[in-house]
Amino acid sequence: MALSKEQIAKRIAKEIKNGYYVNLGIGIPTLVANFVRDDIDVDFQSENGILGMGPFPYEGEEDPDLINAGKQTITTLPGASFFDSAMSFSMIRGQHVDLTILGAMEVSHNGDIANWKIPGKMVKGMGGAMDLVASADNIIVAMMHTNKAGESKLLKECSLPLTGVNCVKKIITNLAVFEVQNNTFKLLERAPGITIEEIKDATEGNLTVEGEIPEMLL
Amino acid sequence: MINKTVSNVQEACLGVKDGMTFMLGGFGLSGIPENSIAELVRLNVKNVTCISNNAGVDDFGLGLLLQKNQIKKMISSYVGENAEFERQMLSGELQVDLIPQGTLAQRCLAAQSGIPAFYTPAGYGTEVTKGKETREFHGKWHVLEKAFKADFAFVKAWKGDVAGNLIFKGSARNFNPNMCGAAKITVAEVEELLPVGVLDPNQIHIPGIFVQRIFQGDKYEKRIEQLTIRKRD
């Protein structure tokens with residue numbers, strides 16, 4: 001069965017290693033924080049100026065001066081720090097943040113990503129996404145494999161305005177896990193019960209399948 | 001000690017004119033200069049360019065200036081929460097420059113620190129950097145971005161003293177420190193204005209040299225854009 005958004009987040013959480021500083025985008029990536037194992041030390045960075053972000057506050061303890069990049073009220077954990085926006089992006093462009101997890105509308109098999117604009121329909125802006133994808137060494141895209149119309153989001157070439165070029169390294173969808181290399185989506189894992197045929201049918205860009213492809217462990 | 005205090009928001013906004021470029025601190029509705037925005041609405045200055053990460057919501061923050069069609073151009077990174085903004089943008093009434101958030105912050109910082117331009121990898125190969133100078137450093141392409149030029153910077157801090165020294169709180173800090181001293185005149189509004197000598201010099205985030213005018217805001221609504229809470233076990 002294809003994964004739920006929570007299960008995608010759960011699978012991505014396995015990519016987080018001890019000692020990582022991680023920036024989580026809005027949407028499925030935000031859910032990843034809920035699935036990090038207790039024995040792993042990780043600090044979440046919020047680009048509006050927080051390192052060591054914690055969970056949502058209890059009712060009545062919310063603070064308008066303490067929000068995340070999605071403008072949601074949050075808390076901090078012991079050891080947290082606050083800083084200004086320029087310093088926040090020094091952490092991002094300076095590659096001090098180890099892992100960036102973000103959503104996408106389209107990804108191409110050369111690692112281009114589009115996630116900020118649908119011309120004539122939706123123009124919300126890129127926020128910090130262009131800085132993140134241009135700078136991070138380690139970028140994981142978390143998304144559904146197909147859009148609402150059932151069309152593949154893993155393409156030969158993005159049709160929407162780009163957020164960044166040649167930057168995506170890994171993609172985790174509701175169907176599979178891929179590595180992006182040499183102009184191809186290299187299949188690494190399948191969602192439980194999903195066949196290689198189903199993945200092929202849902203992937204428009206070049207797909208490489210080598211040897212036995214294991215099912216994801218969730 | 002050089003005294004930077006002005007008696008109220010009216011005095012703080014003296015010299016504001018039609019067609020000017022303003023920087024406004026804040027991220028979403030957090031850390032926005034609420035009192036200065038209210039005064040800009042009252043003054044009804046027109047055709048202004050606003051440099052601000054976001055554009056407020058329909059009935060708060062910069063949304064208040066949008067409602068009165070005071071803004072000619074917005075320079076922002078994310079404008080998703082404002083229906084009136086979207087309407088004005090799609091109808092062509094409002095010019096909009098969407099730029100990467102880190103580039104926005106760094107263009108403020110560059111203006112503050114006398115750096116005319118800098119290279120950044122953000123936005124390379126995308127439509128938002130079309131026509132800009134590019135250059136390769138260490139095998140990676142970068143885009144030349146220029147420091148902002150602005151007439152007024154309106155920032156909001158938690159505490160300040162009459163010398164203009166500022167301390168920010170939580171994530172309400174955001175763009176506010178980067179905009180101090182990045183315009184010809186920096187107006188700082190604070191929740192609590194203190195005499196000199198009260199704030200510990202070790203704790204000052206922005207020294208008063210970057211601030212020309214400081215006042216204590218009459219009131220702060222501090223609206224929460226998205227209240228998210230968890231249940232007690």
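## A buried threonine in chain B

At 9% relative accessibility, Thr49(B) counts as buried (buried means under 20% relative accessible area, exposed over 50% and partly exposed in between, with a 1.4 Å probe and protein chains only). Thr49(B) belongs to strand β2, residues 48–51 of chain B. Strands here are DSSP runs of E with at least two residues, helices are runs of H or I with at least four, and both are numbered from the N terminus. Skip the neighbours within four places in sequence, and Thr49(B) is in contact with Met20(B), Thr21(B), Phe22(B), Lys72(B), Lys73(B) and Ile75(B), where contact means heavy atoms within 4.5 Å.

A word on the ground rules. This is a predicted model, where local features need pLDDT of at least 70 and side-chain atom pairs count only at pLDDT 80 or more, while totals for chains, interfaces and linings use all residues. Residues are numbered from 1 along each chain as its sequence is written, chains are lettered from A and ligands numbered from 1 in the order in which they are written, and side-chain values use heavy atoms, with hydrogens and water left out.

Most residues other than glycine have a negative phi. Look for His138(B) in the loop between β6 (134–137) and β7 (140–146) of chain B. His138(B) is exposed, at 86% relative accessibility.

Asn174(B) also has a positive phi, near 30 degrees. Asn174(B) sits in the loop between β9 (166–167) and α6 (176–179) of chain B. Asn174(B) has a relative accessible area of 0%, so this residue counts as buried.

## Chain A as a whole

Chain A has 5 helices and 15 strands. Its C-alpha atoms fill a box of roughly 50 × 40 × 30 Å along the principal axes. The radius of gyration of chain A is 17 Å, which agrees with the value near 17 Å for a compact globule of 218 residues; that radius is taken over C-alpha atoms, and the globule rule is 2.2 Å times the number of residues to the power 0.38.

Of the 218 residues of chain A, 57% count as buried. Take the contacts in chain A between residues at least 6 apart in sequence, and 60% of them join residues at least 24 apart. The accessible surface of chain A is about 9,200 Å², with 49% belonging to carbon and sulfur atoms (Shrake-Rupley method, 1.4 Å probe).

## Helix α1 and a glycine in chain A

In helix α1 of chain A (residues 5–13), the buried residues are Ile8(A), Ala9(A), Arg11(A), Ile12(A) and Ala13(A). Their cover includes α2 (28–32), β5 (99–102) and β10 (139–142) of chain A, along with β12 (170–172), β13 (176–180) and β14 (185–190).

Further along, Gly211(A) is in the segment after β15 (207–208). Gly211(A) is exposed, with a relative accessible area of 66%. Gly211(A) and Leu187(A) are 24 residues apart in sequence and 9.9 Å apart in space, C-alpha to C-alpha.

## Where the chains meet

The contact takes 50 residues from chain B and 47 from chain A. Between them, the two chains bury about 4,200 Å², and carbon and sulfur atoms give 56% of that.

How values were computed:
Buried area is the accessible area (1.4 Å probe) that two parts lose on being put together, summed over both.
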